[in-house]
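Dear colleague,

Please find below the structure that I promised to hand over, with my notes following it. I would be glad if you read them with the coordinates open beside you.

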Amino acid sequence: MDTASTGVRHAPRACRRTGQRIWSPRPVASRSRIMRDFELDPELARRLAVAAADAPWTLSGLEEAFGTVFGVSPTLLAVRVLDLMPAPPFEPQTLYRLLRELPRLRPVPLSLDTNESSVWRFDVPRYNTSVDLARSLDLTISELEWFADRGEWLRTKPLPLRHYRPMQISKKTGARLLEVPKPRLREIQRKILRRILDLVPPHDAAHGFVRGRSPLTFAAPHAQSEIVIGVDLAQFFPSISGSRVHAVFTALGYPPAVAGVLTGLCTVATPADTLRGLPYAQASQLRTAHLPQGAPTSPALANLVARKLDIRLSGLAQANWLTYTRYADDLAFSGIEVADVGTLLWSVEQIARDEGFAIHPRKTKVMRPHRRQHLTGLVINDQPSYPRDDYDRLRALLHNAASTSAQEQNRDGIENFRAHIYGRIAHIGETSTTRRRTLLRLAERVDWDG
């Protein structure tokens, strides 16, 4: 939802046919720019009409359909078509004629100075001023400004005065920086998550950090496929800037000043001393306001920012007879054998770049049935399940813990080892009731306090 790159401010609205809330764009570009986007030659109009023939007659449905045809702005075109034709046509020829006539039809009335903050979306709390927001969060105005840190004053302050504790985690491909909010800010962010962000549904393709969805629901649609393609987004959270987060809150109806405070509460600019030793490209993203990996609000905001990405990639997958899902920074495509995998991956990279994300070049996987197909740790050649060796290692650990002691098997010094093990049992048992029963029987024999 980066208005700087698209020229469109996105906001949810009610579908004309069903009344269901959908994500609706509000054009803010000039009228001449929009009309140029709609000057379609006959061949382009024909391809658009064919693409939309079986699409749901909703904004997201038409966006996905039009997004498969290069050379048009799918969001602006979908809005214009729905304005002129609220109900679906009986035959593609009707839509084709409409598309050919668009330049001569009355243009969409625009008001470039409209205050859209008066339009509230998804029944979110209506904080019209910073005072309203502060009162809701049980803060004074001074405390609100302190925690939002919009002037980034705390970047040069000692660590005890900062709102985040940095933690670097080593990875095979480098280091990941976790920025964990301190208790008071974390509680503020949880209130924002519960009261605002949880009321805004993500795209259907998003499965990470969504209630009722999990790695299993992300991987299951790709089971038993002729080809599975896994793509990874590089630096997912740090790549989401403060301006893109501000656009989310503005689209929900919050006035710019209130959206700015909410953005400050949910983003951070990493201090220079924390960036020492990190690669230059990674440090460059972190030194400006971004979503911190470790804040409770970051996953929900990331899903909303990535909504346009999900719409376009869903359309690309549909055009290639593929299934698409996303779990945080993991993208997955599957289906029948793809004629040109290279072209598909090129299109994915171009769409991701256009939406402000980057593909990790060394993490793309093209998996066919003759080898293990896996997504988020699940093997999906047949039915989604965790690898046999993960199950065997946990079963051996429980057997040894029952023979000796739980403390002796806790070689990494994990706090609350019992809860950790039962979490692993639930994780593995999610895809196999037989394995879950076996592991639980072994766990009952362990003396966790001895």
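Because its relative accessibility is 60%, Asp138 counts as exposed, where exposed means over 50% relative accessible area, buried means under 20%, and partly exposed lies in between, with a 1.4 Å probe and protein chains only. The model is a predicted one, in which local features need pLDDT of at least 70 and side-chain atom pairs count only at pLDDT 80 or more, whereas totals for chains, interfaces and linings use all residues. Residues are numbered from 1 along each chain as its sequence is written, and side-chain values use heavy atoms, with hydrogens and water left out.

Asp138 has a positive phi of about 60° although it is not a glycine, and it lies in the loop between helix 7 (130-136) and helix 8 (141-148); helices (H or I, at least four residues) and strands (E, at least two) are DSSP runs numbered from the N terminus. Ala328, likewise not a glycine, has a positive phi of about 55° and is placed in the loop between strand 6 (322-327) and strand 7. Ala328 counts as buried because its relative accessibility is 7%. As background, most residues other than glycine have a negative phi.

**The chain as a whole**

The protein chain contains 20 helices and 10 strands, and 49% of its 450 residues count as buried. Among contacts (heavy atoms within 4.5 Å) between residues at least 6 apart in sequence, 66% join residues at least 24 apart. The accessible surface of the chain, by the Shrake-Rupley method with a 1.4 Å probe, comes to about 21800 Å², of which 51% belongs to carbon and sulfur atoms.

**The largest pocket**

A pocket here is an open set of points, on a 1 Å grid over the protein atoms alone, where a 1.4 Å probe fits and protein lies on both sides within 12 Å along at least five of seven lines, and lining residues have an atom within 4 Å of a point. The largest pocket has a volume of about 980 Å³, the volume being the space filled by probe spheres set on the points, which are joined across faces, edges and corners. Its lining is made up of 38 residues, of which Lys171, Arg176, Asp232, Asp329 and Lys363 lie nearest the centre. Two or more lining residues come from each of strand 4 (174-181), strand 5 (227-232), helix 13 (280-286), strand 7 (330-335) and strand 9 (374-375), and strand 4 gives the largest share, five residues. By class, the lining has 19 nonpolar, 10 polar and nine charged residues, with Ala, Val, Leu, Ile, Met, Phe, Trp, Tyr, Cys and Pro taken as nonpolar, Asp, Glu, Lys and Arg as charged, and the others, Gly among them, as polar.

**Cores and a buried helix**

A nonpolar core is a set of buried Ala, Val, Leu, Ile, Met, Phe, Trp, Tyr and Cys residues joined through side-chain atoms within 4.5 Å. In the largest such core, which has 62 residues, Ile196, Phe249, Tyr254 and Leu265 touch the most other members, and helix 12 (residues 256-266) supplies the largest share, six residues. Leaving aside neighbours within four places in sequence, Phe249 is in contact with Ile192, Ile196, Leu197, Tyr254, Ala259, Leu262, Thr263, Cys266 and Leu301. A second, separate core of 22 residues includes Ala49, Val81, Leu98 and Leu102.

Leu301 is one of the buried residues of helix 14. Eight of the eight residues of this helix (residues 298-305) are buried, so helix 14 is largely enclosed by the rest of the structure. Its buried residues pack against helix 9, helix 11 (242-251), helix 12, helix 15 (307-319) and strand 6.

**Individual sites**

Ser214, in the loop between helix 9 (183-195) and helix 10 (215-219), is buried, with a relative accessible area of 15%. Not counting residues up to four places away in sequence, Ser214 touches His207, Tyr327 and Glu430.

Thr68, found in the loop between helix 4 (59-66) and helix 5 (74-84), is partly exposed, with a relative accessible area of 24%. With the same exclusion of residues up to four places away, Thr68 touches Ala51, Gly315, Leu316 and Ala319. The C-alpha atoms of Thr68 and Ser314 are separated by 9.2 Å, although the two are 246 residues apart along the chain.

With best wishes
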